[in-house]
Amino acid sequence: FLAPGAVVLFHDERLYPETTGFWTAGGRASRITLACPGGCADGVTLRMHSGKVANHLRLETHGWTHEVDLRGEEPVEVLVPASATGGAILLDLVTSTGFVPIEVDPAVRDRRNLGVWIVPAVPLKETP
């Protein structure tokens, strides 16, 4: 999956890539790698929401853990710090629950158990 300034590599089938971001599976753990051209020395910002239900997300890299409570479609941003080497970032994502879109809105024919919607973006550097 290509994001602005980053590439996201999925390590399992518990993630659902779409055109502008990806969904995690509801109530499951998954793993991604965030890679940036020239390295991710400034970390990677993840913009996220949990769709039609509240959810809890734990993000974890080597030496860093962050937990966030999501309130449905209200967006939240989290800066995932750079790895010690400034290279690719291996990131574990764990959601506490999920929702099936067709059960919330029958007009939406999606039967996947979705957790959190994520859009990665490399932080923009300010110019002097």
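Buried means under 20% relative accessible area, exposed over 50%, and partly exposed in between (1.4 Å probe, protein chains only). This is a predicted model: local features need pLDDT of at least 70, side-chain atom pairs count only at pLDDT 80 or more, and totals for chains, interfaces and linings use all residues. Residues are numbered from 1 along each chain as its sequence is written, and side-chain values use heavy atoms, leaving out hydrogens and water.

View 1. The protein has 11 strands and 1 helix. Both are DSSP runs: helices are H or I with at least four residues, strands E with at least two, numbered from the N terminus. The order from the N terminus is β-β-β-β-β-β-β-β-β-β-α-β. Of the 128 residues, 40% count as buried.

**View 2. Contacts across the chain.** Contact means heavy atoms within 4.5 Å. Among contacts with a separation of 6 or more, 63% come from residues 24 or more positions apart.

**View 3. Charged side chains.** The protein carries 15 negative and 11 positive side chains. Lys and Arg count as positive, Asp and Glu as negative; His and the chain ends are not counted. Charges are placed at NZ of Lys, CZ of Arg, CG of Asp or CD of Glu. The centres of the two sets lie 4 Å apart.

**View 4. The disulfide between Cys-36 and Cys-40.** A disulfide is a pair of cysteine sulfur atoms within 2.5 Å. The count is 1 disulfide. Cys-36 and Cys-40 are joined at an S to S distance of 2.0 Å. The torsion about their S-S bond is about 100 degrees, so the disulfide is right-handed. Cys-36 is buried at 12% relative accessible area. Cys-40 is buried at 1%.
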